[in-house]
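Good morning, colleagues. Please have the sequence and the model open while I speak. I shall go through a few local features in turn.

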Amino acid sequence: MTDARLRGVSAGSERLGMAMAPCTLGMLGLVSGERGVVAIMMGDDADTLAHDLRARFAGVELTDDDPQARLYLERVGAYVDAMGDGSAPVPDLPLDMRGTPFQQRVWDVLRTIPPGSTLTYADIARRLDAPRAVRAVGRACGANALAIAIPCHRVIRTDGTLSGYRWGVARKQALLEREAAGMKECG
């Protein structure tokens, strides 16, 4: 996946497109702009997810059912729905990762974790040469707005257990199980 790094946009100066669709994990919502996909979020129902997306992008012109966002969403949805059988490649999407420099460094590490694998928060902190930044790594994972594309679901506690996931621990478990099953199908 490619990315464009944008750190600040003036309210009202940007136009973004939004699309939503059901998938096997609930609802998927995607927001994209000129530089690529800005957010991929999951939820239980369309109304709540739409509200969350609008709140996240308050002050920005947000177009419903945008054709480009719909195209990207179809690729993400197909991947999510087929990931357990190993037939779906990870979609190559242009990403517009919006965060602090530290968050972006964390997200870059997350993007190197292969499907079917996990790292601990401490592993990621060590890879960043910041072994004491374990909690900051957790906060960066929590700030991730690009579910699936930046696979924060592949991060676990040092003891091997699952911890919080912005879109629910049950979804995190389901994603990990699907990736593991997909790896068995490929291997």
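By contact I mean heavy atoms within 4.5 Å of each other. Please also bear in mind that this is a predicted model.

With that definition, let me begin with E179. This residue lies in helix α6, which covers residues 169–186. Is E179 buried or exposed? Its relative accessibility is 3%, so E179 counts as buried, the limit being under 20%. Which residues surround it, once neighbours within four places in sequence are set aside? E179 is then in contact with Y79, M83, P115, G116, H153 and R154. For one of these, H153, there is a polar contact to report: the side chains of E179 and H153 meet at 3.0 Å.

I turn next to the aromatic residues. The structure holds one aromatic pair. Its partners are Y165 and W167, whose ring centres are 5.4 Å apart and whose planes stand at 75°, so the arrangement is edge-to-face. The angle decides this, because planes over 60 degrees apart count as edge-to-face. As for accessibility, Y165 is buried, with a relative accessible area of 9%, and W167 is buried as well, at 5%.

Now to the nonpolar core. The largest one has 55 residues, and those touching the most other members are V31, I40, M42, L110 and I124. Let me take V31 as an example. Leaving aside neighbours within four places in sequence, V31 is in contact with L16, G17, M18, V37, V38, A39, L53, F57 and L62.

Finally, I would draw your attention to the backbone. Where does D65, with its positive phi, sit? D65 belongs to the loop that joins β5 (61–63) to α2 (67–82). Its phi is about 50°, although D65 is not a glycine. With a relative accessibility of 51%, D65 counts as exposed, because the limit for that class is over 50%.

A positive phi also occurs at D129, another residue other than glycine, where the value is near 60°. D129 is placed in the loop between α4 (121–127) and α5 (134–143). Is D129 buried or exposed? D129 is exposed, and its relative accessible area is 70%.

To close, I return to two points. D65 and D129, both in loops, have positive phi without being glycine. Thank you for your attention.

Notes. Residues are numbered from 1 along each chain as its sequence is written. This is a predicted model: local features need pLDDT of at least 70, side-chain atom pairs count only at pLDDT 80 or more; totals for chains, interfaces and linings use all residues. Side-chain values use heavy atoms; hydrogens and water are left out. Rings of Phe, Tyr and Trp (its six-membered ring) pair if their centres lie within 6.5 Å; planes under 30 degrees apart count as stacked, over 60 as edge-to-face and the rest as tilted. Buried means under 20% relative accessible area, exposed over 50%, partly exposed in between (1.4 Å probe, protein chains only). Helices (H or I, at least four residues) and strands (E, at least two) are DSSP runs, numbered from the N terminus. A polar contact is a pair of N or O atoms within 3.5 Å; within protein, one must be able to donate a hydrogen and the other to accept it, and residues adjacent in sequence count only if both atoms are side-chain atoms. A nonpolar core is a set of buried Ala, Val, Leu, Ile, Met, Phe, Trp, Tyr and Cys residues joined through side-chain atoms within 4.5 Å.
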